[in-house]
Amino acid sequence: MKYVEEFQNPEAARRLLDDIHATVTRPWALMEVCGGQTHSIIRHGIDQLLPDEVELIHGPGCPVCVTPLEVIDKALEIASRPGVIFCSFGDMLRVPGSDRDLFRVRGEGGDVRVVYSPLDAVRIAQENPRHEVVFFGIGFETTAPPNAMTVLQARRLGVTNFSMLVSHVRVPPAIEAIMRSPECRVQAFLAAGHVCSVMGTGEYPDLADRFGVPIVVTGFEPLDVLEGVRRAVRQLERGEHTVDNAYPRAVRPEGNPAARAVLEDVFEVTDRSWRGIGVIPGSGWRLSPRYSEFDAEHRFPVSGIATREPAACRSGEVLQGLLKPHECEAFGTACTPRTPLGATMVSSEGACAAFYLYRRLGGTPAPLEASPVA
């Protein structure tokens, strides 16, 4: 890749769309499990340019959105404690817990800080030895390696007042859970290229074989997404179900061996609850016993949490691909970025946020010569 513009070329997009239109003969439902892809699809109107027979279903591809409410409430309780400096990436500050968010905790006097790297939290801990510094470690397989490296760095530096509240999730078990759902309509998947750049593609062939679904690894620019759709539709029309890497400039079958080794050292696989979905076996990571001294859940035991999801929020159905954001009665009225009912409306990768930013006023499919892919 030389320039991002090369993957936003309207003429190349038109050729891919022509190929998809010429190939499809019956309805197909494809799911992307990546919030970055969802935002690219909605921002550039890709779903509106595809044939009517090709439906894109937006899956649980936003790690902020699937962070369970009990973990959010635990984070809020820890952040409210005297002597604690709570560090997080900015997209977590507006995510609603049962009755407040991290912004409100900060407004009430809690020391909540936005950081741009987990290493910033280690530095803050070094600068504030009389405080306990907690970093909120969430995300898919992409953010897990730097978080794991941060734990190793804290140990190497002898920083004893640093800990991490971990809520990492893994994509392949989520795909399996989606396919096992009796309400599932998904016939093919667009796999997230950044996840596969770390973990490789080794976990996907078994899923493709067991459930008979094509899995196409792709990127995030418009041409990446269109190429992923094109390859998935071709497989579906031919009755095939293989793993296809459409993102070779970033993804190798083995992934990143160094990053995977760090993950295996610092974390261990565990069952994890996904907000709006429930517990998915083997779908998460937690700190291994070798690094338990950095586990905020051990350092700050929290009990008696009673979570309360807003009755009007249907983000769980959105995350499962059962509902488009604009089909929720609260979308754009009771639920907005200023008054969110769920994380999908405020996360930078949330499907509801994408529809609110780019699609809340409705609209019709753009003519190809005026394609928003340009």
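This report walks through the sheets, helices, cores and cavities of one predicted model.

Residues are numbered from 1 along each chain as its sequence is written, and side-chain values use heavy atoms, with hydrogens and water left out. Because this is a predicted model, local features need pLDDT of at least 70 and side-chain atom pairs count only at pLDDT 80 or more, while totals for chains, interfaces and linings use all residues.

Helices (H or I, at least four residues) and strands (E, at least two) are DSSP runs, numbered from the N terminus. Two strands count as paired if DSSP finds at least two bridges between them.

| Strand pair | Direction | Bridges | Example partners |
|---|---|---|---|
| β3 and β4 | parallel | four | Cys87 and Arg113 |
| β5 and β6 | parallel | seven | Gly137 and Val166 |
| β10 and β11 | antiparallel | seven | Thr270 and Gly284 |
| β1 and β7 | parallel | three | Glu32 and Leu190 |

The β10 and β11 pair is a hairpin with three residues between the strands, and Gly276 in the turn has a positive phi of about 85 degrees.

Now look at β6. Buried here means under 20% relative accessible area, exposed means over 50%, and partly exposed is in between (1.4 Å probe, protein chains only). Eight of the eight residues of β6 are buried. In a regular strand the side chains alternate between the two faces of the sheet. In β6 both faces are covered, with Phe162, Met164, Val166 and His168 buried on one side and Ser163, Leu165, Ser167 and Val169 buried on the other.

**Helices on that sheet**

Contact means heavy atoms within 4.5 Å. Axes are lines fitted to C-alpha atoms, for helices over the stretch in contact, and angles run from 0 to 180 degrees between N-to-C directions.

How enclosed is α5? Nine of its 11 residues are buried, so α5 is largely enclosed by the rest of the structure. Among the buried ones are Leu69, Ile72, Leu76 and Ile78, along with Asp73 and Lys74. The buried residues of α5 pack against β3, α6 (102–107), β4, β5, β6 and α14 (296–299).

**The five-stranded sheet**

A further open sheet has five strands in the order β2-β1-β7-β8-β9, with parallel pairing. The edge strands β2 (54–58) and β9 (243–245) each have a single partner strand, so one side of each is left without a neighbour in the sheet. Here the twist averages 25 degrees from one strand to the next. Helix α12 (residues 222–238) packs on this sheet, touching β1, β2, β7, β8 (215–218) and β9, and its direction makes about 165 degrees with that of β8.

Ala191 is found in β7 (residues 188–192). At 3% relative accessibility, Ala191 counts as buried. Leaving out residues up to four places away in sequence, Ala191 touches Gln37, Cys196, Tyr204, Ile215, Val216, Val217 and Thr218.

**Cores and cavities**

A nonpolar core is a set of buried Ala, Val, Leu, Ile, Met, Phe, Trp, Tyr and Cys residues joined through side-chain atoms within 4.5 Å. The largest one has 56 residues, and Phe86, Phe136, Phe189 and Tyr204 have the most contacts inside it. Its largest share, six residues, comes from α5. A second, separate core of 41 residues includes Ala13, Ala246, Ala330 and Met345.

Grid points are joined across faces, edges and corners, and a volume is the space filled by probe spheres set on the points. There are two cavities of 30 Å³ or more by this rule. The largest cavity holds about 70 Å³ of space. Of the 13 residues lining the largest cavity, Cys313, Arg314, Cys328, Cys335 and Cys352 lie nearest its centre.

Methods: On a 1 Å grid over the protein atoms alone, a cavity is a set of points where a 1.4 Å probe fits but cannot get out, and a pocket is an open set with protein on both sides within 12 Å along at least five of seven lines; lining residues have an atom within 4 Å of a point.
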